[in-house]
Amino acid sequence: MASHCLWCDAEITEGVSWKEVFGLSRPDVLCRVCREGLMVLRKPLCRICGRSFLDLSSDYRNGDLCYDCIRWEEGEWGGLLVKNRSLYVYNEFLKEIVALFKFRGDAVVVRGFEWAWIQLYREVFSGTLVVPIPLSSERLYERGFNQAAELARLLPAPVCEVLERTVHEQKQSKKSRTERLHLEKPVFQYCGEAERIRGKDILLIDDIYTTGATVRRAAKVLLESEAASVSSMTIARG
């Protein structure tokens with residue numbers, strides 16, 4: 001029986017595979033065209049931010065770090081983030097899907113990422129405590145859901161919503177790099193009991209890693225609240 005693509009509504013006509021019969025995989029909720037529009041990040045990757053080095057000039061890397069991460073590590077924000085890993089390159093196709101998911105209020109879109117998302121968690125971050133990046137109350141009211149929380153709940157891991165956003169600001173996509181890195185007020189505060197994260201390895205969840213400012217600001221708050229370490233995982237690497 002034919003099903004329809006979760007993102008474009010095209011008919012999916014592929015037959016059932018033996019892997020699906022024995023529970024080793026699940027039927028794809030995306031059509032071939034949408035699936036092929038996703039560009040998987042290929043190794044080698046920057047050790048910290050997870051950027052692919054395949055299309056990056058050697059002038060913008062030193063060893064296993066890109067120059068963005070080298071600048072982070074040399075400044076006041078160094079040492080906060082163990083690593084980020086993302087599934088896909090933030091290409092034009094994925095921008096449209098993220099807009100559908102985040103700005104047009106269609107939370108079910110997240111299911112198109114589910115299988116690869118869970119696999120990435122199991123391969124790289126299994127056993128960590130998952131903390132979604134929060135929205136401001138104004139942004140949450142505007143969208144109706146937090147995209148990071150929706151992604152976090154897909155994972156086979158405990159979700160701990162212990163961060164609160166203290167600053168309602170314009171969308172990150174509207175900001176320059178300089179504006180993202182220089183905010184006068186703290187962006188996040190810890191709002192849970194200290195025992196919930198003390199001594200634990202934390203995995204921050206968000207939809208896109210761009211400059212790394214958001215996850216590092218969140219990581220700083222968590223480490224000050226006695227987390228053992230902080231990493232992050234996102235759908236896209238901008």
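Q: Where is P44 found?
A: The model is predicted: local features need pLDDT of at least 70, side-chain atom pairs count only at pLDDT 80 or more, and totals for chains, interfaces and linings use all residues. Residues are numbered from 1 along each chain as its sequence is written, and side-chain values use heavy atoms, with hydrogens and water left out. Helices (H or I, at least four residues) and strands (E, at least two) are DSSP runs, numbered from the N terminus. By that numbering, P44 is found in the loop between α2 (32-36) and β3 (61-62).

Q: Is the peptide bond that joins K43 and P44 cis or trans?
A: Most peptide bonds are trans. For the bond between K43 and P44, omega is about 5°. That bond is cis.

Q: Is L45 buried, partly exposed or exposed?
A: L45 lies in the loop between α2 and β3. Buried means under 20% relative accessible area, exposed over 50%, and partly exposed in between (1.4 Å probe, protein chains only). L45 has 22% relative accessibility, so it counts as partly exposed.

Q: How many Å separate the C-alpha atoms of L45 and D64?
A: Contact means heavy atoms within 4.5 Å. Residues up to four places away in sequence aside, L45 touches G50, R51, S52, F53, D64 and R85. L45 and D64 are 19 residues apart along the chain, and their C-alpha atoms are separated by 7.4 Å.

Q: What is the phi of D9?
A: Most residues other than glycine have a negative phi. D9, in the loop between β1 (3-4) and β2 (11-12), is exposed at 52% relative accessibility. D9 is not a glycine, yet its phi is positive, about 70°.

Q: What is the phi of E226?
A: E226 is found in the loop between α9 and β10. It is partly exposed, with a relative accessible area of 44%. E226 is not a glycine either, and its phi is positive, about 80°.

Q: How far does α5 reach from its first C-alpha to its last?
A: Helix α5 covers residues 114-125, which is 12 residues. The expected span is 1.5 Å times one less than the number of residues. That gives an expected 16 Å, and α5 comes close to it, reaching 15 Å.

Q: Within what arc do the buried residues of α5 fall?
A: An α-helix has 3.6 residues a turn, so residues three or four places apart point the same way. In α5, E114, W117, I118, L120, Y121 and F125 are buried. The arc is that of the directions from the helix axis to the C-beta atoms. The buried residues of α5 line one face of the helix, because seen down its axis they fall within an arc of 160°.

Q: Which glycine follows α5?
A: The buried residues of α5 are covered by parts of the fold that include β5 (84-89), β6 (129-132), α7 (147-152), β9 (201-209) and β10 (229-237). After the helix comes a residue with a positive phi, near 95°. That residue is G127.

Q: Which backbone oxygen does the side chain of N146 reach?
A: N146 lies in the loop between α6 (137-143) and α7. It counts as buried, at 10% relative accessibility. Its side chain makes a reach of 3.1 Å, to the backbone oxygen of I133.

Q: How many disulfides does a search of the whole structure find?
A: A disulfide is a pair of cysteine sulfur atoms within 2.5 Å. The sulfur of C49 is 3.7 Å from the closest cysteine sulfur, in C69, so it is too far for a bond. C191 is in no disulfide either, as the nearest cysteine sulfur, that of C160, is 8.9 Å away. The number found in the whole structure is zero.

Q: What percentage of the 238 residues is buried?
A: The protein has nine helices and 10 strands. Among contacts between residues at least 6 apart in sequence, 72% join residues at least 24 apart. Of the 238 residues, the buried ones make up 47%.

Technical notes:
A polar contact is a pair of N or O atoms within 3.5 Å; within protein, one must be able to donate a hydrogen and the other to accept it, and residues adjacent in sequence count only if both atoms are side-chain atoms.
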